[in-house]
Amino acid sequence: MDFNFPAEDDPRRQDVRRWFEANPSPTYKQIAQRGFSAANWPAPWGIGADAEMMLIIEEEFARAGIRQPSAFNPIAVNQCGQSLLTWGTEAQRQELLPPALACEHKWCMLFSEPSGGSDVGGLRTQARRVGDHYIVNGQKIWNSSADEADIGVLIARTDNSVPKHQGLSQFIIDMKSPGITVRGIEDMTGEEHEYCEVFFEDVRVPADRLLGKEGDGWRITMEQLQTERQSMTKPGAVWGAGPTARELVNGLIQTGKIRQPLVRDEAARLYIEGELLRLLSLRNLSNKINGKPAGIEGNIGKMMASPHGQRMTDLAKRTQGVAGMVKDKDVLPLPAKEYGRFTDWDYAYWFSPATTLGVGTQEILKNTVAERVLGLPRDSDPSARMPFNQTTAPRAAA
Ligand SMILES: Cc1cc2nc3c(=O)[nH]c(=O)nc-3n(C[C@H](O)[C@H](O)[C@H](O)COP(=O)(O)OP(=O)(O)OC[C@H]3O[C@@H](n4cnc5c(N)ncnc54)[C@H](O)[C@@H]3O)c2cc1C
């Protein structure tokens with residue numbers, strides 16, 4: 001595999017660039033119709049782009065200064081929408097995917113609960129089948145963008161009488177359904193409602209919004225989390241988005257800060273980590289294009305990418321002196337391009353502690369790698385084989 005970006009005069013790049021030049025301010029609907037929202041998906045949703053084409057498209061979005069649909073509506077375009085291709089019905093795909101890819105419907109992920117986000121298998125929100133509906137009761141927490149979402153990807157317990165991982169099902173729900181209450185949580189970035197709490201009180205979900213079959217929820221959710229982790233395996237400072245170590249180092253060179261030996265030492269280490277992540281992300285992309293499902297390498301990549309982003313952000317903040325304490329006053333020059341959720345180093349700094357928690361904490365990722373890659377003994381979980389209603393955890397009476 002060639003590890004460099006396809007050249008400027010590559011005909012595929014020229015073709016994409018011409019489209020952005022002819023459509024300088026495209027709507028997300030136009031982007032979706034051109035097949036660029038989820039370009040690696042097969043037609044009619046995407047254009048079946050291979051790894052190189054995906055790199056070209058990503059570069060050309062950045063060059064055109066347009067936020068990619070995968071950054072604007074990540075749960076739909078990146079993490080969960082693709083599950084509908086594998087697990088969904090044709091009716092679900094036709095109804096839900098066009099507005100998702102056009103970013104007309106924003107999606108959120110409703111997985112974590114107050115009893116603990118790491119143990120998804122132990123969740124307590126219940127969905128009880130009544131005729132042609134499910135009735136949902138329970139609570140979720142830490143749900144990004146739930147306050148502005150139209151669609152929620154919900155995992156809930158449909159069967160209490162089987163071991164905890166077997167009784168889970170996934171639903172694609174309408175967030176405006178009666179009985180749903182969303183409350184924003186303010187975090188230390190100052191961003192209002194980065195996360196939310198979502199309460200369900202006798203919410204009626206049509207049975208045709210069940211994804212796959214009852215009991216498939218655990219497998220579908222694990223696939224989605226691995227896909228999400230893979231998408232974070234990139235050299236950007238905030239969960240793979242934002243400036244790379246290469247760009248940070250260039251800024252340190254331009255401002256002369258690299259002349260300080262300790263800064264130079266840290267910068268070199270970050271540069272090397274950034275290159276490893278860049279190569280890993282290319283491998284992930286290649287696997288994805290070749291139809292290989294997201295696997296354990298998503299854990300390894302995220303385990304590296306999150307602390308890497310934290311170290312980058314810390315160095316960027318420190319080397320700016322007092323200016324680093326002021327929002328919107330970055331003194332390290334960065335290329336003028338669209339960085340997704342990264343706005344400035346100040347935001348990145350305050351957000352950075354969250355990156356080693358969300359989408360799997362470091363401890364959980366390490367446990368999984370220890371068990372599944374290194375073959376170490378499994379974490380003991382006596383409740384894993386017991387019917388859920390015989391464990392101490394359940395409150396739900398499904
Ligand atoms: C930025 C961000 C965005 C998020 N977005 C979403 C979202 O959109 N939707 C959603 O559903 N959730 C979301 N979350 C929640 C996230 O998935 C959970 O925070 C995460 O799974 C950890 O769960 P918890 O916070 O309940 O911690 P807990 O599971 O309570 O864990 C607490 C601590 O105990 C440790 N621990 C737990 N179990 C073990 C074990 N078996 N072995 C060793 N250590 C263990 C953990 O590593 C952690 O340090 C988001 C979180 C963040 C930070």
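**Helix α8 and its setting**

Guide: In helix α8, which spans residues 245-254, the buried residues are Ala245, Glu247, Leu248, Val249, Gly251 and Leu252. The model is a predicted one, and this applies to every value given below. After α8 comes Gly256, with a positive phi near 80°.

The domain assignment divides the protein chain into domain 1 (13-104), domain 2 (107-214) and domain 3 (233-358). The C-alpha centres of domain 1 and domain 3 are 25 Å apart. Nine residues of domain 1 and 10 residues of domain 3 take part in the contact between them. On the side of domain 1 that touches domain 3, helix α3 (residues 51-64) gives the largest share, three residues. This side of domain 1 consists of five nonpolar, two polar and two charged residues.

The ligand brings in another pair of domains. Residues of the shell around the ligand come from both domain 2 (107-214) and domain 3 (233-358), so the ligand lies between these two domains. There are 22 residues around the ligand, and those that come nearest are Phe111, Gly117, Ser118, Gly358 and Thr361. Two elements, β1 (107-110) and α12 (362-372), each give two or more residues to this shell. By class, the shell holds 10 nonpolar, nine polar and three charged residues.

The largest nonpolar core has 57 residues, and Ile57, Trp107, Val153 and Phe171 touch the most other members. Strand β7 (residues 195-206) supplies six residues, the largest share of this core. Domain 1 (13-104) and domain 2 (107-214) each contribute at least three residues to the core. If neighbours within four places in sequence are left aside, Ile57 is in contact with Val16, Phe36, Ala39 and Ala49. Another core lies apart from the largest one; it has 25 residues, including Met232, Ala237, Ala241 and Ala316.

Some features of the backbone also deserve attention. In general, most residues other than glycine have a negative phi, and most peptide bonds are trans. Against this background, the bond between Ala43 and Pro44 is a cis peptide bond, with omega about 5°. Pro44 is placed in the loop between α2 (28-33) and α3.

Cys103 is not a glycine, yet its phi is positive, at about 60°. This residue belongs to the loop between α6 (90-101) and β1. Cys103 counts as buried because 20 C-beta neighbours lie inside 10 Å, and 20 or more is the cut-off for a buried residue. Ser145, also not a glycine, has a positive phi near 60°. Its loop is the one between β3 (133-141) and β4 (151-157). Ser145 has 17 other C-beta atoms within 10 Å and is therefore partly exposed.

Phe72 is part of helix α4 (residues 69-72). Although Phe72 and Cys103 are 31 residues apart in sequence, their C-alpha atoms are 7.5 Å apart in space. Leaving out neighbours within four places in sequence, Phe72 is in contact with Arg67 and Cys103. Phe72 counts as partly exposed because it has 17 C-beta neighbours inside 10 Å.

Finally, the whole chain can be described. The protein chain contains 12 helices and eight strands. Its radius of gyration is 22 Å, close to the 21 Å given by the globule rule for 398 residues, so the chain is as compact as a globular protein of that length. Along the principal axes, the C-alpha atoms fill a box of roughly 65 × 45 × 40 Å. Of the 398 residues, 40% count as buried. Of the contacts between residues at least 6 apart in sequence, 73% join residues at least 24 apart.

Technical notes:
Residues are numbered from 1 along each chain as its sequence is written. This is a predicted model: local features need pLDDT of at least 70, side-chain atom pairs count only at pLDDT 80 or more; totals for chains, interfaces and linings use all residues. A residue is near a molecule or strand if its C-beta atom, placed from the backbone, lies within 6 Å of it. Helices (H or I, at least four residues) and strands (E, at least two) are DSSP runs, numbered from the N terminus. Ala, Val, Leu, Ile, Met, Phe, Trp, Tyr, Cys and Pro count as nonpolar, Asp, Glu, Lys and Arg as charged, and the others, Gly among them, as polar. Domain bounds come from an automatic or database domain assignment. A nonpolar core is a set of buried Ala, Val, Leu, Ile, Met, Phe, Trp, Tyr and Cys residues joined through C-beta atoms within 7 Å. A residue is buried if 20 or more other C-beta atoms lie within 10 Å of its own, exposed if 12 or fewer, and partly exposed in between; C-beta atoms are placed from the backbone. Two residues are in contact if their C-beta atoms, placed from the backbone, lie within 7 Å. The radius of gyration is taken over C-alpha atoms; the globule rule is 2.2 Å times the number of residues to the power 0.38.
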